Every structure is written in C-alpha cells, then in structure tokens.
Amino acid sequence: MKAQTMQAKLLCLTHYLQGRLYPRLIYLSCALVCAASLAIAILYMQDVLWLEPCPYCKLQRVVFFMMMVVFLLFAVINPKRIMAKISFMILSLVTLLGVFFALKHISVQLNPSTDSAASCQATTNSITEVLDFQLIKEILSAKGDCGTTDWALFGLSIPMLSLIAYVGLGLIGLIMLWLNRK
C-alpha cells in the first residue's frame, strides 16, 4: 500500500516537473545562450581581441538581446494556450529578424565585389529613416567594415555562427512552444 502511494506521489511530481519546470528550464537555458553570445561578442571579441563591430554586428547583438528578453519572459510566464500562440508569433518574428540580418551580413562578406561600406551605410540609413531615435543612431554608428572577416571558428565567420545560433535557438523555442500549447 505504501509503495503504491509513493509511486503515485512520484508520478505526480514527474508530471509537475514536465509540465511546469521542464519548459521553464529550456527557456532559461536559451536565454543563457543568448547572454553568453552577447558576452563573448562584447567582452571577448571587442574588448580582448579589439575587433571593431560593424553596423550589422551591432544589429545582430540587438536581436540576441531581444531573444534573451523573450526567452526570459517565456521562462517566467511559461506560455500556454493562446499565450503560446502569441509567443510563437513573437519568437518567429525575432528569429526571422536575426536570420535576415545574419544573411545580409554573410552576403556582404561573401560578395567582396560589392562595396561593403556602401551596403552597410545604405542599410543603416534606411533603418534610421524609419526609426529616427538617438539610441538607434548610436547603435548603428559603428566603425567596423561589414565586408571583412576578422575572426572565424572552424571556417565559419561570426555572422555564420550567429545564423546557426538564431536558427537553433529559434527552433528550440518554437518546438517548446508547440509542445506546450495545450
């Protein structure tokens, strides 16, 4: 009799952890990956290796920060039902924004025949025309060259690694939201 009660309690605890704690840990882990990516970019690549970020690099940092905030919110609220659908759309948009900026940056790096400085400047000009805020202008006033590959890991440039991170984090988050939609 006592063994059945223990099994029932253990089963209840397992369902509780799977339903409440498990998705929250996944979301928190994704937020920590975003924070680690930002820390590596700012504290190591910029401050130790003295790599000057370009406007696309800074935009990708902003997207990593947005993803981190979204995942932290998901960890706190653990979206279900209609909130899971809304969260699915928000995470999809943030992920697609990151993928867009990373692909633009990769395109500039892989096509050296185009004027990379002009391409970076055209993008930043169009963004500052739409969003005419001082903060946006400060973020986009970077001195780095978008067309140069200053650092690589396993032959992958920084925007390529960012693209992998956006797709991976986005898929993990979207799968968790899909499974947690009930």
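Modeller: Let's start with Y27, which counts as buried because its relative accessibility is 0%. Buried means under 20% relative accessible area, exposed means over 50%, and partly exposed is in between (1.4 Å probe, protein chains only). Before going further, note that this is a predicted model: local features need pLDDT of at least 70, side-chain atom pairs count only at pLDDT 80 or more, and totals for chains, interfaces and linings use all residues. Residues are numbered from 1 along each chain as its sequence is written, and side-chain values use heavy atoms, leaving out hydrogens and water.

Now for the rings. Searching the whole structure turns up 4 aromatic pairs; here, rings of Phe, Tyr and Trp (its six-membered ring) pair if their centres lie within 6.5 Å, with planes under 30 degrees apart called stacked, over 60 edge-to-face and the rest tilted. Y27 and F74 make one of them: their ring centres are 5.4 Å apart and their planes sit at 65 degrees, so this pair is edge-to-face. It joins distant parts of the chain, since Y27 is in helix α1 and F74 is in helix α2, 47 residues apart. Helices (H or I, at least four residues) and strands (E, at least two) are DSSP runs, numbered from the N terminus. F74 is buried too, because its relative accessible area is 4%.

Another pair, F100 with F101, is tilted, with 5.6 Å from centre to centre and 55 degrees between the planes. F100 belongs to helix α3, and its C-alpha is 9.5 Å from that of Q60, 40 residues away along the chain. Back at Y27, that residue forms one aromatic cluster with F71 and F74.

What about the wider packing? The largest nonpolar core has 30 residues, and M67, F71 and L91 have the most contacts inside it. Such a core is a set of buried Ala, Val, Leu, Ile, Met, Phe, Trp, Tyr and Cys residues joined through side-chain atoms within 4.5 Å. Helices α1 (2-46), α2 (55-77), α3 (81-110) and α6 (158-179) each give at least two residues to this core, and the largest share, 11 residues, is from α2. Take L91: leaving aside residues up to four places away in sequence, L91 touches M67, V70, F71, F74, G170, G173, L174 and L177. A contact here means heavy atoms within 4.5 Å.

Helix α2 deserves a look of its own. Its 23 residues reach 33 Å from first C-alpha to last, close to the 33 Å expected at 1.5 Å a residue; the expected span is 1.5 Å times one less than the number of residues.

Over in helix α6 you'll find S162, which counts as buried at 9% relative accessibility. Skipping residues up to four places away in sequence, S162 touches Q60 and F64.

Finally, zoom out. The chain has 6 helices and 2 strands, arranged along the sequence as α-α-α-α-α-β-β-α. Of its 182 residues, 35% are buried. Among contacts with a separation of 6 or more, 84% are between residues 24 or more positions apart.
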